[in-house]
There are 4 protein chains.
Amino acid sequence: MIAVLKGGTTAAQKENLIKWLSAQGLTVHVSEGEYKTVLGLVGDTSKIDMDLLSGLEIVDQVARISEPFKSANRKFHPDDTVVSACTSKLGGGNFGLIAGPCSVESEEQICTIAAAVKAAGATFLRGGAFKPRTSPYDFQGMGAEGIELLLKAKAATGLPIVTEIMSISHLDLFADVDVIQVGARNMQNFELLKQLGRCDKPILLKRGMSATLKEMLMSAEYIMAGGNEQVILCERGIRSFDPYTRNVLDLAAVPLLKELSHLPVVVDPSHATGAARLVRPMALAAAAAGADGLMIEVHNDPMHALCDGAQSVTPDQFAEIAKAVATVRTAL
Amino acid sequence: MIAVLKGGTTAAQKENLIKWLSAQGLTVHVSEGEYKTVLGLVGDTSKIDMDLLSGLEIVDQVARISEPFKSANRKFHPDDTVVSACTSKLGGGNFGLIAGPCSVESEEQICTIAAAVKAAGATFLRGGAFKPRTSPYDFQGMGAEGIELLLKAKAATGLPIVTEIMSISHLDLFADVDVIQVGARNMQNFELLKQLGRCDKPILLKRGMSATLKEMLMSAEYIMAGGNEQVILCERGIRSFDPYTRNVLDLAAVPLLKELSHLPVVVDPSHATGAARLVRPMALAAAAAGADGLMIEVHNDPMHALCDGAQSVTPDQFAEIAKAVATVRTAL
Amino acid sequence: MIAVLKGGTTAAQKENLIKWLSAQGLTVHVSEGEYKTVLGLVGDTSKIDMDLLSGLEIVDQVARISEPFKSANRKFHPDDTVVSACTSKLGGGNFGLIAGPCSVESEEQICTIAAAVKAAGATFLRGGAFKPRTSPYDFQGMGAEGIELLLKAKAATGLPIVTEIMSISHLDLFADVDVIQVGARNMQNFELLKQLGRCDKPILLKRGMSATLKEMLMSAEYIMAGGNEQVILCERGIRSFDPYTRNVLDLAAVPLLKELSHLPVVVDPSHATGAARLVRPMALAAAAAGADGLMIEVHNDPMHALCDGAQSVTPDQFAEIAKAVATVRTAL
Amino acid sequence: MIAVLKGGTTAAQKENLIKWLSAQGLTVHVSEGEYKTVLGLVGDTSKIDMDLLSGLEIVDQVARISEPFKSANRKFHPDDTVVSACTSKLGGGNFGLIAGPCSVESEEQICTIAAAVKAAGATFLRGGAFKPRTSPYDFQGMGAEGIELLLKAKAATGLPIVTEIMSISHLDLFADVDVIQVGARNMQNFELLKQLGRCDKPILLKRGMSATLKEMLMSAEYIMAGGNEQVILCERGIRSFDPYTRNVLDLAAVPLLKELSHLPVVVDPSHATGAARLVRPMALAAAAAGADGLMIEVHNDPMHALCDGAQSVTPDQFAEIAKAVATVRTAL
């Protein structure tokens with residue numbers, strides 16, 4: 001860690017600070033510049049509160065040299081993590097194709113879609129039972145019954161299921177779920193992350209609307225610090241200034257996260273763009289950028305059919321996209 | 001609600017959509033333009049899923065005309081809400097001054113600061129017992145013990161206390177807390193909001209890092225829909241592109257929120273700027289912009305004293321700020 | 001265009017506004033809702049000032065139904081524009097590979113790189129002669145001499161050259177330049193755009209740091225309104241909140257711009273990411289997303305060689321990237 | 001300047017880099033950490049290209065310790081700059097009130113408004129003659145004739161005039177203008193800034209839509225490096241993610257810019273919010289935050305009158321705002 005002191009800092013102030021830092025167990029290297037002084041802090045700086053240090057009147061800036069995440073850090077775990085559920089693997093060269101409807105609506109719906117996406121090559125079935133909705137008056141999902149229906153679809157197809165948890169008080173209902181999803185709005189619900197760190201299921205962690213990559217990795221670290229090392233990172237678009245699309249899909253996050261961490265990285269082009277017609281080009285781009293998998297919304301309900309298309313893609317469109325993605329991956 | 005259909009939509013497609021909308025209980029006004037068709041939807045549109053509608057292939061754009069929040073809406077509740085705790089009031093002309101340390105650290109610390117901020121005019125004592133930290137390795141707060149210490153400071157000063165909740169499983173510990181704070185990272189932790197909607201304590205709801213004003217009001221609505229109408233909105237800075245300050249304090253949010261809603265609006269200049277020297281100008285600006293209160297971090301710990309200042313202001317600085325704020329409010 | 005009037009608007013106010021709108025040559029359709037009134041404005045609304053209209057006290061919101069750009073609009077020009085320079089084409093199925101150094105530094109440098117990128121498949125040579133630098137004390141480019149050197153490299157390789165203009169007063173120096181680039185910082189330098197609209201050379205228009213897609217198309221429209229229809233759009237990353245990378249590359253802009261407009265769209269992964277090691281994955285992703293071309297920084301100067309790599313890629317890395325891009329394009 | 005080298009950098013690589021840095025005239029202090037090496041660079045680092053350095057494969061991060069702006073830097077010029085025009089002063093305790101219409105429309109309009117704002121306490125008259133418009137089809141201003149009319153209003157009232165320049169080729173028309181404005185879209189039109197650095201008139205420099213404070217100061221530096229030290233900085237709102245207001249007014253920019261620089265800082269609440277009803281609270285907040293002046297749009301045209309208000313405030317509203325602002329300033 002480096003702390004830069006402002007010009008005009010007195011010798012006594014410097015000495016006080018250095019004494020305090022040394023008392024925290026750090027070795028302090030002092031380098032005097034023309035206008036400012038730089039302190040190089042060597043030792044276990046993970047316990048130093050950067051905000052506190054940078055808030056000191058005499059401190060101009062503080063920079064961490066080594067990242068504060070350990071378990072998620074590729075530096076200390078060079079090999080790719082492979083997440084397994086049933087017979088499906090994701091990461092370390094295993095491409096995961098997670099597909100299914102936004103919400104579970106009925107047994108027929110989820111079983112039909114599950115069969116269709118499996119036939120098209122999906123390796124995981126997704127479906128929302130508990131739905132985070134901006135408005136309390138919007139449909140909040142089928143809840144426990146939705147999970148029951150997902151399990152029926154799993155029984156029928158053999159696909160492991162991925163579904164979102166919104167409160168740790170629901171954890172019992174997730175006993176037979178294969179992969180638990182943490183949504184963007186809960187990426188920094190630290191109490192939830194801590195509890196999930198104590199369970200033995202893979203966690204799919206979505207990036208918060210305006211989370212930096214390092215914040216996302218720190219959230220993964222919350223889970224891993226509890227002993228659960230099966231974390232999948234999911235880029236799903238970030239908030240930006242152009243109202244023309246719902247979010248901006250940040251595909252450079254794929255190689256960057258894979259460089260910083262050994263955890264697998266998947267991309268959700270459906271939520272990122274909010275438009276069915278953009279799912280295909282963004283899915284291909286994600287595959288080309290090196291993603292370990294994709295998470296795609298697929299529906300077949302009549303309302304959509306009625307109007308020839310909607311935000312989710314149809315099973316046929318999904319099959320075509322899966323084929324094109326495979327072509328890109330084979331080519332590279 | 002208005003839905004604009006794309007040019008090239010066929011008569012059959014239009015008819016199908018109108019039939020479906022009518023079946024939802026809406027009256028549909030059709031207005032044909034040169035290139036596009038506009039549908040005006042009249043009736044209870046709060047149940048229509050905007051995302052679904054706008055995702056339809058034939059729909060170009062959708063706009064809500066009436067806001068989807070009801071309980072928080074000034075239109076239906078023109079009078080200012082006044083939140084009360086002990087003898088302190090906030091809103092409707094009652095200016096609230098919420099002050100205290102970032103974290104509760106010891107009985108001596110919290111009681112000393114409580115006495116000092118009370119003497120300077122504070123009407124609420126704040127202090128963190130459960131702390132949301134980006135890193136799992138950072139200090140997470142004193143927890144239950146921190147709340148005990150806050151209650152001692154309350155007993156000594158009579159100031160009602162404000163402290164953050166991070167998990168509904170901790171609710172029992174908050175039995176004697178006066179105002180429960182929901183932090184920025186939990187603004188869309190909908191399950192937590194729902195539960196807090198069933199308790200009878202005022203909730204201080206902080207704006208999420210990249211939450212729009214309407215999303216913030218929808219989160220207030222989650223609480224109010226459960227029956228708890230004592231909600232205080234708190235602007236605490238939003239995320240932006242300039243790394244030079246931690247956040248951007250969005251002061252126009254004050255008049256805008258007060259226009260849209262009857263709920264009181266307070267401003268937190270400490271978290272918004274991350275710099276003690278900016279607290280004074282931003283506190284004055286917030287008061288001038290019409291805020292119903294301020295939330296300010298005040299400390300007196302030796303580490304800070306050691307280096308002559310830090311992110312929080314000292315009790316003396318707070319007293320001076322409180323006086324200047326009162327001057328501005330009297331002048332206006 | 002649609003204007004939504006607030007609830008509480010009086011009949012006299014409505015009548016006044018409708019009279020004024022009619023006087024502008026528009027037909028006004030009135031649709032009365034429960035709380036609000038919607039005016040559908042039919043006719044040539046391109047002359048209506050949206051800001052003025054939406055600022056009126058009685059107006060709640062205004063939305064354009066037809067886009068205000070005409071010449072750049074695919075709706076009116078369904079066929080892809082193909083931009084030609086020397087024997088190179090870009091757009092309409094012709095993939096353009098624009099490569100070269102950030103700045104022209106010497107004859108040897110530019111000619112060596114030009115030969116190398118040509119051998120690797122580049123179809124245009126880029127190189128900065130006038131450089132927009134944040135600081136007035138940074139190197140501002142070789143200016144006129146830089147253009148001379150680019151022309152020598154063109155003579156040697158036959159590659160058409162692309163270089164940035166920063167002031168219309170330099171236009172004479174660009175007489176033999178093949179494609180004139182407008183940088184991100186000048187995307188809304190409207191006087192420059194107007195002048196370039198009167199010249200007969202292709203213009204490569206880079207997206208501004210925080211420009212929406214529609215603003216970018218309006219800037220293209222400034223050029224096209226002057227008669228110059230040879231415009232290439234370039235996505236080069238937008239500003240966001242994560243300091244970890246320089247910009248966020250918005251690849252969904254590729255399909256979206258191509259949907260809205262017939263102009264070719266290229267992607268600059270070098271400026272978007274600021275990191276040589278991210279150029280390859282983002283170049284592949286851009287190709288997979290359907291870009292009409294790429295703009296890549298390639299260098300070979302000793303300072304870079306000294307430290308084994310830098311922000312630009314080396315000629316060898318470029319050759320490998322060009323091959324991988326071709327593989328992806330062939331596969332799709 | 002500090003450069004942090006990655007772990008794994010070889011001794012030979014380090015030595016090469018240090019040799020190269022020394023050759024640039026810098027003294028290099030080396031500090032070896034457990035994982036990384038920190039180089040402290042002492043000497044004139046303003047010529048070192050940060051982008052180049054940070055792009056090197058072996059470099060992890062680079063931070064400037066001393067700011068790259070000199071002329072605008074308060075560190076080297078502790079006293080406030082006072083900008084003068086006619087008998088009006090701005091900065092150093094002189095509060096400037098710049099008011100007038102968005103666009104000059106007619107002699108009657110500009111002279112009427114000028115008289116009204118002067119009576120209310122304005123010290124400068126603003127009015128657009130050349131208008132930057134997103135669309136080439138929108139009204140582009142009256143141009144030279146607009147400046148003529150502003151000069152008539154100046155003759156009638158004695159108020160110095162402020163108006164925007166969009167191209168250096170128009171400079172002759174600005175011979176009698178008192179303060180030349182550079183708009184947000186041209187904040188990084190470096191060629192324009194350089195030319196304005198050679199003229200002897202005060203320049204009002206507006207912050208770009210997504211410009212950081214340091215970028216804004218570097219743009220001021222472009223003007224000052226040419227010899228023109230009369231620069232006024234103007235905060236006018238930045239681009240953010242909430243479509244509910246046009247921009248986010250960043251009022252912390254006021255104390256921050258005044259800390260970094262000796263130049264006066266004014267705030268434009270009209271453009272920042274795009275809503276007349278928000279001008280008053282934001283003007284008061286700006287004054288409370290310590291701004292050196294305000295720039296406010298005032299109109300009196302019949303279209304606005306027709307509908308009882310619009311984006312600009314009326315002369316009466318302006319007079320009331322000016323009075324309230326004075327009250328706040330007196331109180332503090």
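This is a predicted model: local features need pLDDT of at least 70, side-chain atom pairs count only at pLDDT 80 or more; totals for chains, interfaces and linings use all residues.
Student: How do you know what surface the copies meet through?

Tutor: One compares the interface residues of the two chains: 100% of those of chain B are also interface residues in chain A, so the copies meet through the same surface. Contact here requires that the C-beta atoms of two residues, placed from the backbone, lie within 7 Å, and by that rule 48 residues of chain B are in contact with 48 residues of chain A. On the side of chain B that touches chain A, at least two residues each come from helix 1 (11–23), helix 2 (50–55), helix 5 (190–196), helix 6 (213–225) and helix 10 (302–306) of chain B, and helix 6 of chain B gives the largest share, five residues. A helix is a DSSP run of H or I with at least four residues, numbered from the N terminus.

Student: What makes up the side of chain B that touches chain A, by class?

Tutor: That side has 22 nonpolar, 15 polar and 11 charged residues, where Ala, Val, Leu, Ile, Met, Phe, Trp, Tyr, Cys and Pro count as nonpolar, Asp, Glu, Lys and Arg as charged, and the others, Gly among them, as polar.

Student: How many residues of chain D are in contact with chain B?

Tutor: There are 33 residues of chain D in contact with 33 residues of chain B. On the chain D side, helix 9 (276–288) is among the elements that give two or more residues, as are helix 6 (213–225), helix 7 (253–260) and helix 11 (315–331) of chain D. Helix 9 of chain D supplies the largest share, seven residues, and by class this side divides into 23 nonpolar, seven polar and three charged residues.

Student: What rotation superposes chain D on chain B?

Tutor: A rotation of 180 degrees with 0.0 Å of shift along its axis does so, with an RMSD of 0.1 Å. The C-alpha of chain D nearest the axis belongs to D:Ala285, at 2.0 Å, and 100% of the contact residues of chain D recur in chain B, where the same surface serves both copies.

Student: Why are helix 9 of chain A and helix 9 of chain C called roughly antiparallel?

Tutor: Their axes lie 7 Å apart and the helices pack at an angle of about 155 degrees, the axes being lines fitted to C-alpha atoms over the stretch in contact, with angles from 0 to 180 degrees between N-to-C directions. Angles under 35 degrees count as roughly parallel, over 145 as roughly antiparallel, 65 to 115 as roughly perpendicular and the rest as oblique. Helix 9 of chain A and helix 9 of chain C are therefore roughly antiparallel. In this contact A:Leu284, A:Ala285, A:Ala287 and A:Ala288 meet C:Leu284, C:Ala285, C:Ala287 and C:Ala288, which by class gives eight nonpolar, no polar and no charged residues.

Student: What makes helix 9 of chain B roughly parallel to helix 11 of chain B?

Tutor: The axes of helix 9 (residues 276–288) and helix 11 (residues 315–331) of chain B come within 9 Å and cross at roughly 25 degrees. That angle makes helix 9 of chain B roughly parallel to helix 11 of chain B. Among the residues in the contact are B:Ala283 and B:Leu284 of helix 9 of chain B and B:Ala324 and B:Val325 of helix 11 of chain B, and the contact has nine nonpolar, no polar and two charged residues.

Key
Residues are numbered from 1 along each chain as its sequence is written. Chains are lettered from A and ligands numbered from 1 in the order in which they are written. Copies are superposed by least squares on the C-alpha atoms of residues with pLDDT of at least 70 in both.
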